Amino acid sequence: MTSTPCGGTAEQKSASAGEAAEEKPASLRRNRDFRFWWGGTMLSAIGDELTAVALPLIVLLITDSPLHAGLVGSVESIPPLLLSLPLGMLVDRVSRRAVMLAASLLSAASIATVAIAFLLDGLSLPQLYVVAFVNSLAATAYRIADTAALPGITGPHKLGEAASQSETIFGTSALIAPPLAGLMFETMSPAAPFLLDALSFVAVAAAILAIRSRLGPEGAPEPLRWRRELTAGMRITARLPLVRALTLLTTVGDFLFAGIGLLLIVLAKGSGASGFEVGAVFTAAGVGSLLGAALAPRIEAGLGLRTAVVGKHWLTALLFPLLLVDLPGWGIGLVWGLVALQVAVLNVIQMKYLMSQVHSDQLGRVQGFMTFLSKSSLPLGYALTGLLLDRWGTRGTIVFFEAVLLCLAVYALLGRGLRASHVTRSEDAGSGAPDDQPLPSRRGSER
């Protein structure tokens, strides 16, 4: 019998995995724990979107300063950039249930202070800066732990469907929460969206407590070595060809499309679109994202992994030049909605194979690394789009985007990671430092 890096025999490990898979319902709809996870994650996503809109609105209300509104928003970008790697390390060393519960209650408490202080006429700008930082920290920790805990809830055979549901959650929250926050702010009270947000996080905490599955990590962590632990997510990602290839494609895509909203607004205004039509462009993107999330598992199942990813990139490269044509507002929305559909398909596939290839006890560090990559690319990509628009105008910017999209399409077609004939989990992924390998199983620990 062959021993595995996890400790125990290959046969024992296979039997254990089979027993775990049998314990999960055949359908996610019948999976009680997944329903609680779905509800909690949806409420968390809606709460984050409510705060993202209401916070700058209340800053403008009490200061009448766009500068401070922008600075408060910039404070929210600090935790993902500086703390996603250590948070990922934390998620792999302590109870993920405890991390998610603590993050939810911290968000509820910090956001509730805004509503209470406003109603008592004591709200100040320094408080809003602190709330922005604390809430962003809690949201970052929650999302890393949330993704790392998901395989333990669904089992290994439902990760594609679960990734689709996750993408649908964030697409839905992005559609409904911003107008809801604005409506409550204007028609009820500036405190109203914050009160609703705080209550939503209390409900999130209740949903987390109701989940019965062990959320991990299962391994007994080795003595802490900060430098190696902080870079473990990068090394694990680099060691897995498929995860590495998908990460490169999604990271470059995030960087490129970070400023796409600015490009679309300038393009639509240049074609004479009304404010309503400009808004419709982004609504079309949201609808496209939801359709892509729903269709992704079927697309991959029907076409296969490599064909789905390669097809996505070539379709995007073919669609994007249509923006060079003098399209009306609805035409711009249609093109971008179709592109957004393709982006959602790739996001679902990337999340599925991240969860299926990376060992459960390493998911926190890898997800922390993914969060760092994604968040660090946004300000740089947005600045690049602004610079290109200033120097080259809309047509030159679209041509630049198209050149990058063609490079991504060629890489997807020829890259070795997507041409691999088999998929390996990280415990079988060959070489690496000992602390990059899966940790020994800790039997009987309840997480």
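1. The model under review is predicted.

2. Start with the overall make-up. The protein chain holds 16 helices and zero strands. Of its 447 residues, 50% are buried. Now take the contacts in the protein chain with a separation of 6 or more: 87% of them join residues 24 or more positions apart.

3. How do the axes of α9 and α15 cross? Helix α9 covers residues 226-239, and helix α15 covers residues 363-414. Their axes come within 8 Å and cross at roughly 85°. An angle of 65 to 115 degrees counts as roughly perpendicular, and α9 and α15 are therefore roughly perpendicular to each other.

4. Which residues make that contact? From α9 come E229, A232, G233, M234, I236 and T237. They meet R365, V366, F369 and M370 of α15. By type, the residues of this contact divide into six nonpolar, two polar and two charged. On spacing along a helix, an α-helix has 3.6 residues a turn, so residues three or four places apart point the same way.

5. Next, helix α6, residues 125-154. Does its span agree or disagree with its residue count? It agrees: at 1.5 Å a residue, the 30 residues of α6 should span 44 Å, and the end C-alpha atoms are 43 Å apart. There is still a bend to look at. A kink of about 30° lies at A148, shortly before the proline P151.

6. Is α6 mostly covered or mostly uncovered? Mostly covered: 22 of its 30 residues are buried. Just after α6, G155 takes a positive phi of about 85°.

7. D64 has a phi near 55°, a positive value in a residue other than glycine. D64 sits in the loop between α2 (32-63) and α3 (66-75). Is D64 buried or exposed? The cut-off for exposed is over 50% relative accessible area. D64 has 68% relative accessibility, so D64 counts as exposed.

8. D121 is the other aspartate. Phi of D121 is near 60°, again positive in a residue other than glycine. The place of D121 is the loop between α5 (96-119) and α6 (125-154). With a relative accessible area of 74%, D121 is exposed.

Note on methods:
Residues numbered from 1 in each chain as written. Predicted model: local features only at pLDDT ≥ 70, side-chain atom pairs only at ≥ 80, totals over all residues. Heavy atoms only, no water. Helix = DSSP H or I, 4+ residues; strand = E, 2+ residues; numbered from the N terminus. Buried < 20%, exposed > 50% of the residue type's maximum accessible area, 1.4 Å probe, protein only. Expected span 1.5 Å × (residues − 1). Bend = angle between axes of the 7 residues up to and from the residue. Axes fitted to C-alpha atoms, helices over the stretch in contact; angles between N-to-C directions. Parallel < 35°, antiparallel > 145°, perpendicular 65-115°, else oblique. Contact = heavy atoms within 4.5 Å. Nonpolar A, V, L, I, M, F, W, Y, C, P; charged D, E, K, R; others polar.
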